[in-house]
Amino acid sequence: MDHRRSRAGYSRRRDRRHVPKAPCSLSDVQDIVRSVTEGIAAAQDWGDNAPRARTILARASQALALLNLQAGQPEAQCTLFQLRTWLTDEDWREQLLPKLSARVRSYWETTFPKLGPDAVPTVTYAIDRLDTSQSLQGFFGRPRSAYDVRQAMDTAKVVFVCPSGSESDALVSCLLIHDLHRACLSRQDTPREQRATFWAWGDELTALDSSSKGFLAAIAEQLRKYEVRFIGMTQMALRLSAITRQALLQNQSWLSTCAADSDEAAFVAKRWNGHVSSETITELPKFHYVMSVNLNGTRTTPFRVRGLPVDEVFAHYNNPEGVPDLVKAIDSNLNRRPLRDILADLEVLDTTVLAHHTRHRPSRAGSGDPTSVID
């Protein structure tokens, strides 16, 4: 746990030719359904009080993930936004149901029609909120995505994920955190000695903790065995939920603090068993830190570190003339497309998905209705 304030995101690397795949197996479908359902449920603060909404969301996620498993074609993959279409467009759903197994169809044909009219809006509110931001439409509404945390873990480059500060931040943070957890657990398929160490940095930990409803504790407790290291940074450790704070401190290998007020300083100093006083912490100069680390399995006594401003340490990397080439490299490595193109595809994605699975083409009039059969 680190009290320093910085801008950090999730580490990852991308092979320039890599394109994330659809679910490869039924076990992938199960993991995706759990990640989406738990992420949205945590952001909406459903807890144990919305079993109906959880079930509808899980079932809808399952149906779309199974369709993606069958689709093969990347451009015909369903996104989060198709959850809303599946739940609100009965004709669209009815045309796709025959592509699913009888066991999956049974819920939608027998149970779902009996639910009250207030059941669906509880679930679609979350998607409606995402749909108010063009940047989030571009991030979550792209079937052929460049975001793949598992690929990042295995190949170890860096990406910064910085939410925009909108009211949808809690939902975005929850989806990212649960996806991180899903990707980490998926490393079970890789022998321990072959797992590259992966560092995940979470800034503004208080906000992340509030969004994830304590799910950060599961990350701190479980992911070390998969060679994942989570660094949490916050200015106010006392504002973290008790379960998150306890999990971080119980599993810590590194504890660091800069200057803090008396209450925060006393809290951190107590973790060092009298080796450092709270007064020492409150009087630390700028860019000075007290920290302890695990070294060869043994925790060191606290020691002081003096840091430097980033713009001094990395001044020799400042190259404004190279920015255009850097942007081109990013575009190439991430297969990045203009937002306007992504949004245009999202407008017709429902039709594209339906056409792919029913072997119909949409009419040229742009009505969205499939009118001609593909030979």
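Me: Is Glu204 buried, partly exposed or exposed?
Reply: In this predicted model, local features need pLDDT of at least 70 and side-chain atom pairs count only at pLDDT 80 or more, while totals for chains, interfaces and linings use all residues. Residues are numbered from 1 along each chain as its sequence is written, and side-chain values use heavy atoms, with hydrogens and water left out. Buried means under 20% relative accessible area, exposed over 50%, and partly exposed in between, with a 1.4 Å probe and protein chains only. Because Glu204 has 37% relative accessibility, Glu204 counts as partly exposed.

Me: Where does Glu204 lie, and what is its phi?
Reply: Helices (H or I, at least four residues) and strands (E, at least two) are DSSP runs, numbered from the N terminus. Glu204 sits in the loop between strand 1 (198-202) and helix 10 (205-212). Although Glu204 is not a glycine, its phi is positive, at about 50 degrees.

Me: Is Asp45 buried or exposed?
Reply: Asp45 belongs to the loop between helix 1 (26-43) and helix 2 (51-71), and its phi is near 60 degrees, a positive value in a residue other than glycine. Because its relative accessibility is 52%, Asp45 counts as exposed.

Me: Which residues does Gln82 touch, not counting residues up to four places away in sequence?
Reply: Gln82 is part of helix 3 (residues 81-88), and at 2% relative accessibility Gln82 counts as buried. Contact means heavy atoms within 4.5 Å. With residues up to four places away in sequence left out, the residues that Gln82 touches are Leu64, Trp92, Leu349 and Asp350.

Me: How are helix 11 and helix 12 oriented to each other?
Reply: Helix 11 (residues 215-222) and helix 12 (residues 242-250) pack with their axes 8 Å apart, at an angle of about 15 degrees; axes are lines fitted to C-alpha atoms, for helices over the stretch in contact, and angles run from 0 to 180 degrees between N-to-C directions. Angles under 35 degrees count as roughly parallel, over 145 as roughly antiparallel, 65 to 115 as roughly perpendicular and the rest as oblique. Helix 11 and helix 12 are therefore roughly parallel.

Me: Which residues make the contact between helix 11 and helix 12?
Reply: On helix 12 the contact is made by Ile243, Thr244, Ala247 and Leu248. On helix 11 the residues making the contact are Leu216, Ala217, Ala220 and Glu221.

Me: How many disulfides does the structure hold?
Reply: Cys78 is buried, with a relative accessible area of 11%, and Cys184 is buried as well, at 0%. A disulfide is a pair of cysteine sulfur atoms within 2.5 Å, and the number of disulfides that the structure holds is zero.
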